[in-house]
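Work through the exercises below with the model open. Try each task before reading its solution.

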Amino acid sequence: MIEFKNVSKWYGNFQVLNNCTFSIQKGDVVVICGPSGSGKSTLVKTINALESIQQGEIIVDGIKLNDPQTNLPQLRARVGMVFQNFELFPHLNVIENLTLAQIKVLGRSKDQAITYGLKYLERVGLLSQKDKFPGQLSGGQQQRVAIARALSMDPIIMLFDEPTSALDPEMVGEVLDVIVKLAKEGMTMCVITHEMSFAKNLSKRVIFMDEGKIVEDCSKDKFFGNPDLLSARAKEFLSKILRNN
Amino acid sequence: MHYTFNWSFFFKSIGGKETYLTWLVTAWEWTLTISFFGFLVAFILGAIVGIFRTTNNKYLVTFGNIWTEIFRNIPLLVQIFLWYHVIPHFIPIINKAPRIVLVVMAIGLFTSSRVSENFKSGIQSLSIAQKHAGLALGLNTLQLYWYALLPQAIRIIIPTLTSEAMNIIKNSSVAFAISIAELTMFAMQAQEETARGIEIYLVVSVLYFISAFAVNLISQFIEHKIKIPNQTFVKQ
Amino acid sequence: MNLDFSFFTLNIISNFIIKGLLFSIKLTLVTLVCGLIIGTMIAMMRLSKFKILNYPALGYVVLIRSLPFVMVILWVFILIPLVIGKSIGSENSAYITYIVFESAFYSEIMRSGIQSVKKEQMQAGYAVGLTYFQSMRYIILPQAFRNMLPVILTQTIVLFQDTSLVYAIGAYDLLKGFEIVSKNFNRPVEAYLIAAVVYFIICFSLSYGVKLTQRKVQIAK
């Protein structure tokens, strides 16, 4: 469903993505990890063209991203994204946050949008908060609203960019639960995370990035179970992060 | 220093039923009219130009920058003379417009450069991730600005917009230069005719003060109306 | 549509324009120096914990800032003769007005400049045995001035533009020079066009200079 062919990107002279090739099939749950600055966030943001690329080709659901003919808003509407700092719109209340893009981009009627919005709000367990403003919710609640906002668009894939790294530790669990539940229901997704136990629990496949390159793209069993088969960089990263946990 | 106040001249006729007092009231109306429409022009153009300057389109950015530099770096009084003497020479239809339109345009464009700065920095103070969040939902550029960025930016810049509105009331005094009968023109002429400068300047100054104070009240009302519970728009 | 700039000779420039330009520059510089000194004193008064210093300073700033500049020019122009009993001419009246007016604005800038310096700096001054005024003079104000330099310069460009407002009392500034030329040759279109260009070049280059200083200040931090 998503295909990356030799994708490279530079910021000035600095190469953030170096010849990345991989693909994601329908129903895949892929965890992307790697040290900070390795380019994983940039990689994920190229999937919905929030970051442009200079070389290579990205195809999402049969549509070429670097084709100037591509209607980016329409494509982005089908790719759900959850950000590190939630990025709810602070001037809109919860239900308005959920319905804005449904009405303006998908062209749903207001009633229809509210129905969808409430359905997903219930799934993340926040129906009672529908009239609150983001500033009145806890970080964990805001992130769950952000997940519901993305789901209300009926996405073909969900992208998570370190969804729990800005949260207080006691709120991490509630957000991870929602994501795991989604994965079990068969949602295609791509998750950047440093929570290794969560990663083990969530996915069958791990992509490890370092200095803009995809260093490992393997099954979770290989990644976590057979460190001896991994590259030196991945081994070092794993041992560091597991020691810290 | 010895000065005896005398206020009775305010009721002296200046022809027909008109007195200095009625003249004063008309002058105040002129000041408020110029200020209101001047701010309207400044707000609309300043918002558009300010938004241009935050886009990724280099032509729009350059256009916005040139606009801002031109109207910021020529004194308001000179801009009023440009509208009065120079522009009609190139666009003859301007000659038919009432002089107040010239002043409104001059003040509006002058202030639009400052308003554009406000909008630009207001929008740029929002985090890039907010922009990404809007785009990720599929909003196009216009929708992104209208539904996601501007409602936040406007709340941030209300205090600076308020001081621009108060500046406009003060700057409207420059309209005296092309003899529009607003408060400052009234002050100068009535002072000359009656030689009661102190009384006249006092009253006029108080009216300017009241006008600015009223703007402040209105802005506080608006700020309160659109306030969002528990929200500070801080860049993360 | 046809413009004719041929009347605008070197002779005209040196006879009419330079005189006005020099006055505008002199008015700006004198106001900058005196306004900064008085403004700094007002700022210190406003930050004082003594109400007797605090309130008058606050009143002064609020009063001046709520009046149009032109009204202040008119006020000073009629008040001076009333107080000292004789007229001092529009140029001298302008100097007084601009210092009175701009002091209020510079005081606000210096006030936030002083507040931008960390409180501990003052305590550090006391700790090594300096008096209040010594700490201000040698520790706080130099930092405040440096932090605020871009803002002070920007305000001074606005001040230079505002010198054109002496039009209200007929003093001979840069704009007046162009007005006289425009009337003598009956060429207002060309005269005011050149006036606008001249003001633009001066103010634009100054504000470009400010941007460069701003960058330097930021680096120095």
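A charge sits over a ring if NZ of Lys or CZ of Arg is within 6 Å of the ring centre and within 35 degrees of the ring normal. Keep in mind that this model is predicted.

**Exercise 1.** Find the ring under the charged end of Lys200(A).

Solution. Start at Lys200(A). Its charged end sits over the ring of Phe224(A), 5.4 Å from the centre. Next, look around Phe224(A). Then turn to Arg108(A). Its charged end sits over the ring of Tyr116(A), 3.7 Å from the centre.

**Exercise 2.** Classify the ring pair of Phe63(B) and Trp67(B).

Solution. First, place the residues. Both lie in helix 2 (residues 58-72) of chain B, four residues apart, about one turn of the helix. A search of the whole structure finds 24 aromatic pairs over all chains. In the pair of Phe63(B) and Trp67(B), the ring centres are 5.9 Å apart and the planes meet at 45°, so the pair is tilted. Phe63(B) counts as partly exposed because its relative accessibility is 42%. Trp67(B), with a relative accessible area of 18%, is buried.

**Exercise 3.** Determine which way the residues of strand 6 of chain A point.

Solution. Take residues 79-82. Val79(A) and Met81(A) point one way, Gly80(A) and Val82(A) the other, and all are buried. In a regular strand the side chains alternate between the two faces of the sheet. Now find the neighbour. Strand 6 pairs with strand 7 (residues 157-161) of chain A in the parallel sense, over four bridges. There, Leu159(A) is the bridge partner of Met81(A).

Conventions:
Residues are numbered from 1 along each chain as its sequence is written. Chains are lettered from A and ligands numbered from 1 in the order in which they are written. This is a predicted model: local features need pLDDT of at least 70, side-chain atom pairs count only at pLDDT 80 or more; totals for chains, interfaces and linings use all residues. Side-chain values use heavy atoms; hydrogens and water are left out. Buried means under 20% relative accessible area, exposed over 50%, partly exposed in between (1.4 Å probe, protein chains only). Helices (H or I, at least four residues) and strands (E, at least two) are DSSP runs, numbered from the N terminus. Two strands pair if DSSP finds at least two bridges between them. Rings of Phe, Tyr and Trp (its six-membered ring) pair if their centres lie within 6.5 Å; planes under 30 degrees apart count as stacked, over 60 as edge-to-face and the rest as tilted.
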